[in-house]
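Student: I've just opened this one. Can you walk me through it?

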Amino acid sequence: MIRVASVAPDSIAADLELPVGTELLSVNGRELTDFLDWEFLAADEAFLLLARLPDGESVEFDIERPEGRPLGVQLEPPHIRRCANRCDFCFVDGLPEGLRDTLYVRDDDYRLSFRYGNFATLTNLKPRDVERILEYRLSPLYVSVHATDPVIRRRLLRNPRAPAIIPQLQHLAAGGIQFHTQIVLQPGVNDGPVLEQSLSDLYRLADPVLSVSVVPVGLTTFSQHDATREPTEAECRSAAETAHRFAERALVERGHRWVHGADELYLNAGLPLPPADWYGDFGQVENGVGSVRFLEQRIAAAGELPRLDGRRIGVLTGTAMGRLMPEVLQTLSQATGGSFELMVLENDLFGPSVSTAALLPGRAFQRALAGRSDLDLALLPAEAVNDDAVFLDDVTFDELAAAARVPLRLSHDFADALSVGVR
Ligand code: SF4
């Protein structure tokens, strides 16, 4: 069942006076089960919508949508499909109380994979889900493969019922679906020859597999440390070398590198990051693959930034980017005349091994900025908040900004925050 959460002004739904709370039941007689049904079935220029108003009355609307006129219906958030696995490296179960609600959800939802690029294992797909993926052409999907050997994959996912992934991908690929895939490396389980095998199997699927990322497992304080561990420098180096071999082969045979190591893989291996052109179209940048090179490109593409002579700007980030930031800040300083202070924050909530800025809690920024009044501006990583500007520990950006003694801005790439200058 799907329900109207809000109606945009100057839209078809506003013309129909569709009240908030209306249940959308069917389009042209087809039952609506979720937002996908609504988006795909209501995409026609004309359709019959059966709805139940909040007072219980059922109404049929004969809808015609002139070109370019929005329907204007915002739906209530969907029920998330829960994960059926129990990976040793999953930290959700052990999270402390008081964090952002969505962090406690172990989602494994092909719909969110299509819509937002969330990785899904596809282990909880029912025949009806497969039909929908094929009917609605939900492509590309983001798939956590981890290992193509069914026994090893079941062990990794701690799910004895996990179906074999290669036949699943083949079946979907035959219907035109493509995939971005990831392999999270658990040392001694899916690295070495298992990684070779997984990459070979995925490579054989050819065009439907658009990309593969190799990501070292990242553990937090709440992970099951007795069951798994992070890969060593040598293990990361070996995995990076394997990925490079497949990448070079793909470049020769297919014209693009296809498989990439995550930035963390190179950092942990003590290897330099590949240049920007290594990453092609940065298809998995949201997964930490090429994010440093992507950032550098965005800064360069922003063109001329305003002069910031005499200004002091604090740049707060996690330990992963902290290692790479001095080079970037030197470039920025030369371009603007501003003085940039790097403030590297260790993650005291999830533990120091969690190095991404995206998982820094709001309180870490609060502590770092406490007593600081000597900056003209402090830049915080935009990926640390959700769409409502809330950090994962439920601290809001507005609360943080109100308490800070220096102006704060969220920034993805510096240019977005600095192009308006610093007063
Ligand atoms: S697939 Fe594994 S890591 Fe992902 S949510 Fe499920 S149990 Fe956690």
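This is a predicted model: local features need pLDDT of at least 70, side-chain atom pairs count only at pLDDT 80 or more; totals for chains, interfaces and linings use all residues.

Student: Okay. How many bridges pair β7 and β8, and in which sense?

Tutor: There are 4 bridges between β7 and β8, residues 179-185, and the sense is parallel.

Student: What order do the strands of that open sheet take?

Tutor: The order is β7-β8-β9-β10. The sheet is open, has 4 strands and is paired in parallel.

Student: Which are the edge strands?

Tutor: β7 (141-144) and β10 (259-261). Each of them pairs on one side only.

Student: And what does the twist average?

Tutor: It averages 20° from one strand to the next.

Student: What holds strands together anyway?

Tutor: Strands of a sheet pair through backbone hydrogen bonds, and the pairing can be parallel or antiparallel.

Student: Where is Pro-140?

Tutor: Pro-140 sits in the loop between α4 and β7.

Student: What about Trp-258, where does that lie?

Tutor: In the loop between α8 (233-254) and β10. Trp-258 is not a glycine, yet its phi is positive, about 75°.

Student: New topic. What order do the strands β11 to β14 take in their open sheet?

Tutor: β12-β11-β13-β14. That makes an open sheet of 4 strands, again with parallel pairing. At its edges are β12 (339-345) and β14 (408-411), each pairing on one side only. The twist here averages 25° from one strand to the next.

Student: How many bridges join β11 to β13?

Tutor: 3 bridges, with β11 covering residues 312-318 and β13 residues 377-381. Take Gly-314 as an example: its bridge partner in β13 is Ala-378.

Student: Which strands does helix α11 lie across?

Tutor: β11 and β12. Helix α11 spans residues 319-336 and runs at about 170° to β12. Then there is helix α12, residues 362-369, which also packs on the sheet. Helix α12 touches β11, β12, β13 and β14, and its direction makes about 130° with that of β12.

Student: What volume does the second largest pocket have?

Tutor: About 410 Å³. Its lining has 21 residues, and those nearest the centre are Met-1, Ile-2, Thr-33, Asp-34 and Arg-111.

Student: Which elements give two or more residues to that lining?

Tutor: β1 (2-7), β3 (30-31), α2 (35-41), α3 (110-116) and α4 (127-135). The largest share is from α4, with 3 residues.

Student: And how does the lining of the second largest pocket divide by residue type?

Tutor: Into 8 nonpolar, 2 polar and 11 charged residues.

Note on methods:
Residues are numbered from 1 along each chain as its sequence is written. Side-chain values use heavy atoms; hydrogens and water are left out. On a 1 Å grid over the protein atoms alone, a cavity is a set of points where a 1.4 Å probe fits but cannot get out, and a pocket is an open set with protein on both sides within 12 Å along at least five of seven lines; lining residues have an atom within 4 Å of a point. Grid points are joined across faces, edges and corners, and a volume is the space filled by probe spheres set on the points. Ala, Val, Leu, Ile, Met, Phe, Trp, Tyr, Cys and Pro count as nonpolar, Asp, Glu, Lys and Arg as charged, and the others, Gly among them, as polar. Two strands pair if DSSP finds at least two bridges between them. Axes are lines fitted to C-alpha atoms, for helices over the stretch in contact, and angles run from 0 to 180 degrees between N-to-C directions. Contact means heavy atoms within 4.5 Å.
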